[in-house]
Amino acid sequence: MTKYRFIYLIWLLPAYFLYQIGYQSVTYLGLQDTFENGDSYISEVTDFDVKQIAAQTNGYVVIKFTTNSNEIIEEQLALPVQMAQVLMESELIPVRFKADSFKPIVLMPVYELQQSVIKVNLGVTGIGLIVTIIIALYGSRYAGRKLRDGEEVIEIERLDPETDNE
């Protein structure tokens, strides 16, 4: 097997971007489903933390609420810094809950922000998909040409005059 067959592995990048687009889409649809069809509750914040590691700031919030069927739901949700700023001072947070949704809990104060973040993620991932498909097409053409035609054989010919030192 020649080294040019490995170039075809570049098709893993568009496959990964397709997976990410699927995941973001299902998350977006689950978010909307929970918002539109879920039950409204008021949750209490049992823990909240914002961490800064190097240039990234993120955190989490632990919420707790009781459903209509007297089931206690306690969940830790990851928060980017924009969402954490909105929820920082809240002790009670209105939520929507739908147990069978892909995104079962929606924090109402950050719903619009969460939707816009997912839309941006979809846009950036779509651009990445297009770019990697173009790169993979060119790479595949190059690899196919090299596998079909073989490598160019380079002959090195000495052009300087030979000197006899006898």
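## Overall architecture

From the N terminus on, the elements run α-β-β-β-α-β-β-α. That makes 3 helices and 5 strands in the chain. Both kinds are DSSP runs, numbered from the N terminus: helices are H or I with at least four residues, strands are E with at least two. The chain has a radius of gyration of 28 Å, well over the 15 Å from the globule rule for 166 residues, so it is more spread out than a compact globule. This radius is taken over C-alpha atoms, and the rule is 2.2 Å times the number of residues to the power 0.38. Along its principal axes, the C-alpha trace spans about 100 × 35 × 25 Å.

This is a predicted model: local features need pLDDT of at least 70, side-chain atom pairs count only at pLDDT 80 or more, and totals for chains, interfaces and linings use all residues. Residues are numbered from 1 along each chain as its sequence is written, and side-chain values use heavy atoms, with hydrogens and water left out.

## Surface, contacts and charge

The accessible surface of the chain comes to about 11800 Å². Carbon and sulfur atoms account for 55% of it. Areas come from the Shrake-Rupley method with a 1.4 Å probe; for residues, only the protein chains shown count as cover. Buried residues make up 30% of the 166. Buried means under 20% relative accessible area, exposed over 50%, partly exposed in between (1.4 Å probe, protein chains only).

Contact means heavy atoms within 4.5 Å. Among contacts between residues at least 6 apart in sequence, 63% join residues at least 24 apart. The chain carries 13 positive and 22 negative charges, and their mean positions are 7 Å apart. Lys and Arg count as positive, Asp and Glu as negative; His and the chain ends are not counted. Each charge is placed at NZ of Lys, CZ of Arg, CG of Asp or CD of Glu.

## Ser43 in strand E1

Ser43 lies in strand E1 (residues 39-53). Ser43 counts as buried because its relative accessibility is 0%. Beyond residues up to four places away in sequence, Ser43 touches Ile63, Lys64, Phe65, Glu91, Leu92, Ile93 and Val95.

Asn70 sits in the loop between strand E2 (56-66) and strand E3 (72-80). Its phi is near 60°, a positive value in a residue other than glycine. Most residues other than glycine have a negative phi. At 65% relative accessibility, Asn70 counts as exposed.

Val81 belongs to helix H2 (residues 81-87). With 27% relative accessibility, Val81 is partly exposed. Leaving aside neighbours within four places in sequence, Val81 contacts Thr57 and Asn58. The C-alpha atoms of Val81 and Thr57 are separated by 5.7 Å, though the two residues are 24 apart along the chain.
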